[in-house]
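Subject: Model for your files

Hello,

The structure is below, with its sequence.

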Amino acid sequence: MSQPTFQHALSRLIEIPSVSSTLPDLDMSNLPVINELAVWFEAMGFQCEIQPLPDTPHKANLIATLGSGPGGLVFAGHTDTVPYDESLWKSSPFALEERNNRFYGLGVCDMKGFFALVMEAVREFLPTPLKAPLIILATADEESSMNGARALAELGRPKARYAVIGEPTGMRPIHMHKGIMMERIRILGQSGHSSNPSLGRNAMETAHKVITDLMQFRAGMAERYQNPGFTIPVPTLNLGCIHGGDNPNRICGQCQLDFDIRTLPGMESEQLRQQIRQRLKPIAEADQVEITLESITPAIEAFSSKENSELVVACEKLTGHQAESVAFATEAPFFSQLGMDTVVLGPGDIDQAHQPDEYLSLDRINPMVNILKSLIRQYCL
């Protein structure tokens, strides 16, 4: 098969649905995207390995490698997109459309478009023997569980020295971001007739105490942890949703509270979870209720590259922008865990991600391709 042009590759990637969702009715396989990428990269001379995720055979990662030897450079991206509401789009989410000097389509910015840019950048170097390998990494389920990146971290692969993740950063290098914990507290009391409170144990009243304690915990975190490198320099705790009870004249027997914590580099999610559990124990004992804390999804730890790392400095020179931080989470902590000097750097804007009429500006394409070419020259030739 011949190598597709940039626009053909981009168009084809947008045409293939690969929604990742925690809701089973919306969730899709990413294998059609992975298989398409494997065919293209094999035609370019890459050695391709498709790795199905454990217990999820309809999801897979792709490791495509050009060259061999120690070290090496990884260009990484995820193949899934968020769900969509087609009624809010001016054009089909699954048809690449060019208008207003932009390409529109679901995933064009976040972040299928990155793979088409990588292919365009690589063409120039195909006839040239590489001194260090170039590895293209395509992952599954970044938008839901990050199980693709987790599986790679557990396998200890790929082995490389540098990694660039092409998430939408407006072509500004990102050297750290916050982590996220999404947690659920369940309170089990005793329902009863509301005319006599002693007949039950009101889970909603306990929830009131729990919320008060969580807000005190949040204030304590803000005092203990600060990082001036972030726009919001402290960890945050958001009370997201609460459900409980079933009728005004019944004592509330059960209540559920969902919340998230955005952690700073250096904070450990399991340690925070244990601290919260310890705080909940005396409340449960005083109210004679059962309180449990569980993770809704596995935590994503905060990411921070080494200060003034070689790759950070290189990306600052290439982009003309000093490395920054962001509040949203990426797969960077997993690649950093594998020992790679990691930077998040991509052509899209996060404001366009997860939005109807998602787009990538045409004027970002050539500059991003040139940055990728420069990185290949620096780390693979």
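Helices α5 and α6 are roughly antiparallel to each other, because their axes cross at roughly 150 degrees and angles over 145 count as roughly antiparallel. α5 covers residues 203-224 and α6 covers residues 269-287, and their axes come within 11 Å. Axes here are lines fitted to C-alpha atoms, for helices over the stretch in contact, with angles from 0 to 180 degrees between N-to-C directions. Helices are DSSP runs (H or I, at least four residues), numbered from the N terminus.

This is a predicted model: local features need pLDDT of at least 70, side-chain atom pairs count only at pLDDT 80 or more, and totals for chains, interfaces and linings use all residues. Residues are numbered from 1 along each chain as its sequence is written, and side-chain values use heavy atoms, leaving out hydrogens and water.

On the α5 side, the contact (heavy atoms within 4.5 Å) includes Val 210, Leu 214 and Phe 217; on the α6 side it includes Ile 276, Leu 280 and Ile 283. The residues of this contact divide into 8 nonpolar, 3 polar and 5 charged.

The other pair is α1 (residues 6-15) and α2 (residues 31-43), with axes that come within 10 Å and cross at roughly 160 degrees. α1 and α2 are therefore also roughly antiparallel to each other. Ala 9, Arg 12 and Leu 13 of α1 meet Val 33, Glu 36, Leu 37 and Trp 40 of α2. That contact has 5 nonpolar residues, no polar ones and 2 charged.

Regards

Note on methods:
Helices (H or I, at least four residues) and strands (E, at least two) are DSSP runs, numbered from the N terminus. Angles under 35 degrees count as roughly parallel, over 145 as roughly antiparallel, 65 to 115 as roughly perpendicular and the rest as oblique. Ala, Val, Leu, Ile, Met, Phe, Trp, Tyr, Cys and Pro count as nonpolar, Asp, Glu, Lys and Arg as charged, and the others, Gly among them, as polar.
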